[in-house]
Amino acid sequence: MNIKQWIATAAAATLLAACGGQGQSENTAAPAASAAPQADKVYRVAANAEFAPFEFLDTNNNMQGFDVDLVNAMAAAGGFKVEFKHQPWDSLFAALGNGDVDILASAVTITDDRKQSMDFSDPYYKITQVILVPQGKDIKSADDLKNANKIGVVTGTTGDFAAGKLLGADNGKIARFENITLVTKELENGGLDAVISDSAVVANYVKNNGSKGFSMVSVPDFPEENYGFAVRKGNTETQAMLNDALKKVRESGEYDKIADKYFAKSE
């Protein structure tokens, strides 16, 4: 908002209060945001479907995954409609801010930095960053990563942030890739010594590639993180709607059924 818009808005608010209008008394608290969905609205949900098991494309290019099933279950429980859109990770936040989509459901970690420009639902999944190590590499700690030649991450993820914090964001040892498929393929081909990514994603990869000898290493240097569904800053109605629906899905047991479908038992 520019300064002229701010002055006009402030003046209008002052006039409304002075005239009584529909303003509230000085001691009356503002009403809480309604959790009711807008009638006939289809909420546009964006995700980068390259982050199994949270979101991925099947052989028919239909979006699948834990986030997809969870949001669909929430929509059924909350009485609202959704449609999903697959797009690159690095375009998601701009699409939300520009109003092209209403919700991000793409394993988005809730961080203080992100909360400056968007709001989040209540947390819906907890993870940590872990190290994916190929057979023959002796990497068991964060210090071992410092001595490695190349560490792979997905650009703009918290794995990228963790590597930057550990090694320095501009360190040439960090190799950044567009998605998890590309970075794990490079690891398989011997171009990387290790990959840093989310624990559930790495566990899923190890589970489905057992013959390749990869292992998952947890280190205390990486703190716990929480995923949340992101909405535009100040969109308290959609935020409240999602929180209400998430609570219903948890209480009904549907959340646990969906989790059992997608996650490695060690998660």
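This is a short tour of a predicted model, stop by stop.

**Whole chain**

Of its 267 residues, 44% count as buried. Among contacts between residues at least 6 apart in sequence, 73% join residues at least 24 apart.

**Helix 2 and helix 9**

Select residues 66–78, which are helix 2, together with residues 254–262, which are helix 9. The two pack at an angle of about 160°, and their axes are 10 Å apart. Angles over 145 degrees count as roughly antiparallel, and the two helices are therefore roughly antiparallel to each other. The crossing of helix 2 with helix 9 is right-handed.

Now show the side chains at this contact. From helix 2, select Phe 66, Asp 69, Leu 70 and Ala 73. They meet Glu 254, Tyr 255, Ile 258, Ala 259, Lys 261 and Tyr 262 of helix 9. Sorted by class, the contact has seven nonpolar and three charged residues, and no polar ones.

**The aromatic cluster**

Two residues of that contact, Phe 66 and Tyr 255, also belong to an aromatic cluster. The structure as a whole holds 16 aromatic pairs.

Zoom in on Tyr 125 and Tyr 227. Their ring centres are 6.3 Å apart and their planes lie at 25°, so the pair is stacked. Tyr 125 is in strand 8 (residues 125–133) and Tyr 227 is in strand 13 (residues 224–227), so this pair, 102 residues apart, links distant parts of the chain. Are these two tyrosines buried or exposed? Tyr 125 counts as buried at 12% relative accessibility, and Tyr 227 is buried with a relative accessible area of 0%.

The peptide bond leading from Ala 52 to Pro 53 is cis, with omega near 10°.

Move on to Asn 61, in the loop between strand 3 and strand 4 (63–64). Asn 61 is not a glycine, yet its phi is positive, near 65°. With 60% relative accessibility, Asn 61 counts as exposed.

Finish at Ala 107, which lies in the loop between strand 6 (103–104) and strand 7 (118–120). Ala 107 also has a positive phi, of about 50°, although it is not a glycine. Ala 107 is buried, with a relative accessible area of 5%.

Definitions and conventions: Residues numbered from 1 in each chain as written. Predicted model: local features only at pLDDT ≥ 70, side-chain atom pairs only at ≥ 80, totals over all residues. Heavy atoms only, no water. Axes fitted to C-alpha atoms, helices over the stretch in contact; angles between N-to-C directions. Helix = DSSP H or I, 4+ residues; strand = E, 2+ residues; numbered from the N terminus. Parallel < 35°, antiparallel > 145°, perpendicular 65-115°, else oblique. Left-handed = near helix turned anticlockwise from the far one by under 90°. Contact = heavy atoms within 4.5 Å. Nonpolar A, V, L, I, M, F, W, Y, C, P; charged D, E, K, R; others polar. Phe/Tyr/Trp six-rings, centres within 6.5 Å; stacked < 30°, edge-to-face > 60°. Buried < 20%, exposed > 50% of the residue type's maximum accessible area, 1.4 Å probe, protein only.
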